[in-house]
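Hi everyone, thanks for coming.

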Amino acid sequence: FSVQNYADAGQAYALELSRGPTSAFHEQALYKRGWSLFKESRDVDSTATFLALLDRVLVRDGRLRPESGLSRPEQELIGDALRALAITFFAGDGPASLEVAVERHGPAPYEARLYYALGDLYVEKERYQDGAEAYRAFAQRHPLDAEAPLLIVRATDAYAKGGFTALVLEGKRQLVGQYGPQSEFWRAHAPDIDPRVSLAVQQDLLVLAQHHHALAQKGSVADRDAAVRWYRDYLDGFDGSPQGPATRLLLADLLFEGTRYEEAAVEYELAAYAYAANAEAARAGYAAIVAYDKAEAQAAEPMRAALRLRGVDTALRFAGISGTPRKVLRM
């Protein structure tokens with residue numbers, strides 16, 4: 001191998017492999033045979049050999065070994081193998097070549113790592129859209145896999161590095177739509193949602209809501225509706241977060257600005273009374289009174305009496321907290 005006689009080297013490594021998996025040199029022989037075949041441009045054979053190496057090092061009892069359980073030499077071996085595989089797929093048809101290799105090989109618990117490696121190589125070569133599509137390809141194949149949303153996050157980061165603003169927003173929409181609190185993925189993985197996924201979904205929901213909220217200030221009804229949707233999705237999943245009270249108030253203000261006064265009043269009441277601590281509780285409580293007053297004026301006659309009573313109730317409730325906004329009670 002060192003004198004670049006890769007054909008003979010490959011045969012010698014194959015002879016070592018024929019001694020069976022109990023040989024102390026089995027993993028190293030797989031690694032070097034994989035590189036020998038790679039150097040000969042025997043892509044199918046080298047890919048199969050490197051995947052066999054990943055099977056041996058990364059899989060125990062059909063499950064992926066945790067990164068923390070790998071020794072440093074094992075990590076280096078796997079890193080090099082993944083790099084070689086990524087180069088092979090990169091030189092071929094990208095994710096399509098990767099998919100063919102996996103289909104030929106059979107189920108691989110480490111499949112996500114192959115897509116990470118390929119996407120990372122595209123990004124390294126500044127082919128950001130291709131990198132994003134490589135990451136997204138895994139989520140398309142395995143939408144409920146625990147790694148799928150993290151690869152969508154990586155794809156969105158690739159779009160951002162390439163300066164594709166519209167695609168960044170689309171990536172965020174995909175993440176919160178397919179992997180947010182209302183998704184099949186969330187139901188399938190709850191209550192053990194990966195904290196990285198939860199944090200990414202939270203952040204993207206707020207980014208999307210604030211993006212459309214800003215556009216709504218210019219008079220766009222469609223953007224106001226979109227912002228309302230994302231604020232509500234955020235509160236459905238993360239109302240207990242530190243951003244919950246402020247987000248509730250932003251939603252209420254947005255509904256009020258859109259003359260959806262009854263809905264706004266409900267949200268203002270929640271902002272005022274549904275949190276153990278909210279510095280804006282008094283403002284929210286007063287705004288609920290104003291919103292009910294406007295809702296009554298806006299409503300048809302049969303509904304006005306009920307809205308008037310709700311307005312009186314919230315005014316009485318407000319009188320109990322006015323001046324002490326930090327001492328509100330949870331509903």
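First, some ground rules. This is a predicted model, so to speak of local features we need pLDDT of at least 70, and side-chain atom pairs count only at pLDDT 80 or more, while totals for chains, interfaces and linings use all residues. Residues are numbered from 1 along each chain as its sequence is written, and side-chain values use heavy atoms, with hydrogens and water left out.

Okay, the overall picture. The chain has 16 helices and two strands; these are DSSP runs numbered from the N terminus, with helices being H or I of at least four residues and strands E of at least two. What radius of gyration does the chain have? It has 28 Å, whereas a compact globule of 331 residues would be near 20 Å. That radius is taken over C-alpha atoms, and the globule rule is 2.2 Å times the number of residues to the power 0.38. Along the principal axes, the C-alpha atoms fill a box of roughly 90 × 35 × 30 Å.

How much of it is buried? Of the 331 residues, 47% are, where buried means under 20% relative accessible area, exposed means over 50%, and partly exposed is in between, using a 1.4 Å probe and protein chains only. As for contacts, meaning heavy atoms within 4.5 Å, take those in the chain with a separation of 6 or more: residues 24 or more positions apart account for 58% of them.

Now the helices. Helix α14 covers residues 261-273 and reaches 18 Å from its first C-alpha to its last, close to the 18 Å expected. Helix α15, residues 281-298, reaches 25 Å, close to the 26 Å expected. The expected span is 1.5 Å times one less than the number of residues.

Which residues of α15 are buried? Among them are Ala281, Ala284, Ala288, Ala291, Tyr292 and Ala295. As background, an α-helix has 3.6 residues a turn, so residues three or four places apart point the same way. In α14, the buried residues include Tyr261, Ala264, Ala265, Tyr268 and Glu269.

Let's zoom in on tyrosine 292, in α15. Tyrosine 292 counts as buried because its relative accessible area is 3%. Leaving aside neighbours within four places in sequence, its contacts include Ala265, Val266 and Glu269, and also Leu307, Arg310, Gly311 and Thr314. The C-alpha atoms of tyrosine 292 and arginine 308 are 7.2 Å apart, though 16 residues separate them along the chain.

Another one to click on is serine 198, in helix α11. At 16% relative accessibility, serine 198 is buried too, and beyond its neighbours within four places in sequence it is in contact with Trp186, Ile193 and Phe238.

Most residues other than glycine have a negative phi, and most peptide bonds are trans. Serine 41 has a phi near 65 degrees, and sits in the loop between α2 and α3. Aspartate 61 has a positive phi of about 55 degrees, in the loop between β1 and β2. Are these two buried or exposed? Serine 41 is exposed at 55% relative accessibility, and aspartate 61 is exposed at 82%. Finally, a cis peptide bond joins alanine 190 and proline 191, with omega about 5 degrees; proline 191 is in the loop between α10 and α11.
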